[in-house]
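Q: Could we go through this structure together? I would like to begin with the sheets.

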Amino acid sequence: MAHSTADIGPAPVLSQQLLLSLAEQLKLPFLQIAREAELATLAGQQYDAMPVIRTAADSAIKLLDNYMLGVQLAGQPGQSFLTEPVSVSSVLYDAGAELLPLAKAYDVRLDLKIDGKFGPVMAHRQGLQAALVSLGYALIEALPAADKPQLRLQLSAHRSRYGIVAGVYCDAEHLTTNTLRQGRRLYGQTRQPMTQLMPGSGAGIFVADAILQAMQSQLTTSRHQHLRGLAAILQPNPQLQLV
Amino acid sequence: MLGQTYHAALRGAGHHVQTCATAQAAILAADNIFPDIVVLELQLVSHSGVEFLYEFRSYADWQAVPVIIHSNVPVTQFVGGKSTLEQFGVADYFYKPTTSLRTLIGAIAQHTTVPA
């Protein structure tokens, strides 16, 4: 027996589609706020908070976009054609450019360490950048709680025996494997799944986790140059290594 | 409401601006004012931005008018792909949520010979 669309019930409140619809819709008010703040600045209105308002709204839009990208990638499991040879340095550079306004707003010094030859890695470029930016957002917002005289976030890459490790680093001592493991266990069940590290939900970390998993990479904790960080492990492109 | 923000920004940059909520209204407006440039959202009520492009480009008078797509649809999800954009002579494609007013105003200045 044929059913009309009217026979279909309301969207379940826990459905992925409902969350996606909500995320898409939420971008509109944030966009309105961001562009109004920019318009006020362009019109020469002297109100110190305008750049911060714009940055906050722009950051919210990007986090929503990154979440939606994660869902989209997760919906295409095993599609290796999505990956391409990617320069880690250029992705870190672009991610740094995206993070800079929020870092400034939080008075966080942003360092970029992309010296060294890593060669191309196989990754979904947009996904990798979205993951790094999401991690950066989460850590930038967490850093003020560290109560350090100079808050600092570093984007960098290094080689390890597992591959090329690219991520965001800071001097938060609680950024450990155990914290990440606990966060993964608690996220979605508690308001503050990484309670030792950040006061909020840490959504950026779980968005990055989902994106990297969909890219067949993985999010891991990492230590580099006396800093602790969250990073993606990426595999070098073997074909281009032969050239 | 968002349209008013863009309207104010472009007017502030020295342009005469006509905003239209539907593709049909945009065709009628273009017939009246002969625009120097069109800034187009793809997600419209009823007829889409792509349908507007088909209609708009079908008139000889408007074939050379630059069109900038400024849309909530990311270019990676634009169904027609790059070839369709080229076919319609789309001058630039911007993803609205991450495009600043300054960038949009700069692109309009770049694609129009009329000084702002």
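Predicted model: local features only at pLDDT ≥ 70, side-chain atom pairs only at ≥ 80, totals over all residues.

A: Residues are numbered from 1 along each chain as its sequence is written, chains are lettered from A and ligands numbered from 1 in the order in which they are written, and side-chain values use heavy atoms, with hydrogens and water left out.

Q: In what order do the 5 strands of the chain A sheet come?

A: The order is β2-β4-β5-β7-β6, in an open sheet with mixed pairing. Strands (E, at least two residues) and helices (H or I, at least four) are DSSP runs numbered from the N terminus, and two strands pair if DSSP finds at least two bridges between them.

Q: Which strands of chain A stand at the edges?

A: They are β2 (108-113) and β6 (218-224) of chain A; each has a single partner strand, so one side of each is left without a neighbour in the sheet. From one strand to the next, the twist averages 25 degrees.

Q: How many bridges join β2(A) to β4 of chain A?

A: There are 6, and β2(A) runs parallel to β4 (residues 151-160) of chain A. In β4(A), A:Q154 stands opposite A:D111.

Q: Which strands does helix α4 of chain A lie across?

A: Helix α4 (residues 125-142) of chain A lies across β2, β4, β5, β6 and β7 of chain A, at about 25 degrees to β5(A). Contact here means heavy atoms within 4.5 Å; axes are lines fitted to C-alpha atoms, for helices over the stretch in contact, and angles run from 0 to 180 degrees between N-to-C directions.

Q: Moving to chain B, what is the order of its 3 strands?

A: They form an open sheet, β1-β2-β3, with parallel pairing. Its edge strands are β1 (38-40) and β3 (90-95) of chain B, each pairing on one side only.

Q: What is the bridge partner of B:V39?

A: It is B:I68 in β2(B). β1(B) and β2 (residues 67-71) of chain B pair over 3 bridges.

Q: And B:T76, is that residue buried or exposed?

A: B:T76 is exposed, with a relative accessible area of 59%; buried means under 20%, exposed over 50% and partly exposed in between (1.4 Å probe, protein chains only). B:T76 lies in the loop between β2 and α4 (81-87) of chain B.
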